[in-house]
Amino acid sequence: MTAVVDSAKLARFEQAVLTHFDAAYNLARWLTRNSDDADDVVQEACLRAFTFFDSFQGGEDGRAWLLSIVRNTCYTWLRKKNAWESAMEFDENLHTPLADSVDAESVQMRRADSEMVKQGIEKLPPEYREVLILREMEGLSYKEIAGIIRLPIGTVMSRLSRARQRLYDLLTAPVGRESLK
Amino acid sequence: MSCQETKTFIDAYLDGELDLVRGIELERHLTDCSACAALHEMRRTVQREVRNGPLRFRTPAELRNRVRAALVAQDRDQRVGLACPYGRSGLPKWCGTGVPRIETVHGGMEFWIVSDLNTDELTQFAKLFVTPPSQ
């Protein structure tokens, strides 16, 4: 009726997947912007991953597999709480950065303190935030990110571009700096 | 390479995702175009701030322990569930965290399940417990 489950499965799961627990928590924490929600999301995602671990192929990247489940769990969890900006409401044009170009003088961005950068990232739409986290903090390739968010590589590239431009605008524009506080 | 193409590919270049030929063309453009060079510097600054800042959230130790305990419990329950279709609560394991109840509808008895079962689990439950109506 059901595949036999034994503790050997748990041992394999820990080795292949749970070694990426920190990456899972970091992504959940950034997407939920709340430590309690992140805790619950990570626990639910790990239990879900364990349930479906039989479908995990040995050659697969355990980190990308787990992060994909964490991301999906975050969406589901936050939609239940009505805390997510719906993906349907996400409009690439609407969320396009204020300025598409930059003059040489404004390049001299003051070194922002990390708290300001953190607040800036939190203000990004989740669709931008997730690609930024996966690329800059987890060091994933465009192909790996595309696999996790299930979108073409070109979309990953354009979202990263817009995420960086928008973050720059938030960190440098006088109005944006005020709004970060 | 044009300014528009440079804007399109500048992030892929920064991330080491651009092919060699276009990478060389882009670098050549940057030496000739101050506006695109400024854009490149700006994006690189943002990348550095996010990548090098202490922005990773530290995993709480208690969460790690909590998840580990939940996994052990789930592993054990799955194995126990193979021998007995009823969980320790006395309810069928397929009822998940929901509450089964019996209600009278139109004079007959109907068994209602309020649960968080997914489609596969509901199908499994139906095969085991629901008798198809006689012809």
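**View 1: Starting with F56(A).** With a relative accessibility of 11%, F56(A) counts as buried (that is, under 20% relative accessible area, with exposed meaning over 50% and partly exposed in between, using a 1.4 Å probe and protein chains only). F53(A) is buried too, at 5% relative accessibility. Before we go on: this is a predicted model, where local features need pLDDT of at least 70, side-chain atom pairs count only at pLDDT 80 or more, and totals for chains, interfaces and linings use all residues. Residues are numbered from 1 along each chain as its sequence is written, chains are lettered from A and ligands numbered from 1 in the order in which they are written, and side-chain values use heavy atoms, leaving out hydrogens and water.

**View 2: Aromatic rings that pair up.** Searching the whole structure turns up six aromatic pairs over all chains (Phe, Tyr and Trp rings, the six-membered one for Trp, with centres within 6.5 Å; planes under 30 degrees apart are stacked, over 60 edge-to-face, the rest tilted). One of them is W30(A) with F57(B), an edge-to-face pair with 5.0 Å between centres and 65° between planes. This pair joins two chains, because W30(A) sits in helix α2 (residues 21-32) of chain A and F57(B) in the loop between α3 (34-52) and α4 (61-83) of chain B. W30(A) is buried at 1% relative accessibility, and F57(B) is buried with a relative accessible area of 16%. Now look at F53(A) and F56(A): their ring centres are 5.5 Å apart and their planes make 15°, so this pair is stacked. Ring pairs also tie F13(A), F50(A), F53(A), F56(A) and W65(A) into a cluster.

**View 3: Helices α1(A) and α3(A).** Two packed helices are described by the angle between their axes and the distance between the axes. Here α1 (residues 7-16) and α3 (residues 35-51) of chain A pack at about 125°, axes 11 Å apart (axes are lines fitted to C-alpha atoms over the stretch in contact, and angles run from 0 to 180 degrees between N-to-C directions). The two are therefore oblique to each other (under 35 degrees is roughly parallel, over 145 roughly antiparallel, 65 to 115 roughly perpendicular, the rest oblique). Their crossing is right-handed (near helix turned clockwise from the far one by less than a right angle; anticlockwise is left-handed). K9(A), L10(A) and F13(A) of α1(A) touch C46(A), A49(A), F50(A) and T51(A) of α3(A) (contact means heavy atoms within 4.5 Å). By class, that contact has five nonpolar, one polar and one charged residues (Ala, Val, Leu, Ile, Met, Phe, Trp, Tyr, Cys and Pro are nonpolar, Asp, Glu, Lys and Arg charged, the others, Gly among them, polar).

**View 4: Helix α6(A) meets chain B.** Helix α6 (residues 126-137) of chain A packs against α3(B) at about 75°, with axes 9 Å apart. That makes α6(A) roughly perpendicular to α3(B). On one side are L132(A), R135(A), E136(A) and M137(A), and on the other Q47(B), V50(B) and R51(B).

**View 5: Chain B as a whole.** Chain B has five helices and two strands (DSSP runs numbered from the N terminus: H or I with at least four residues for helices, E with at least two for strands). From the N terminus, the order is α-α-α-α-β-β-α. Of its 135 residues, 31% count as buried.
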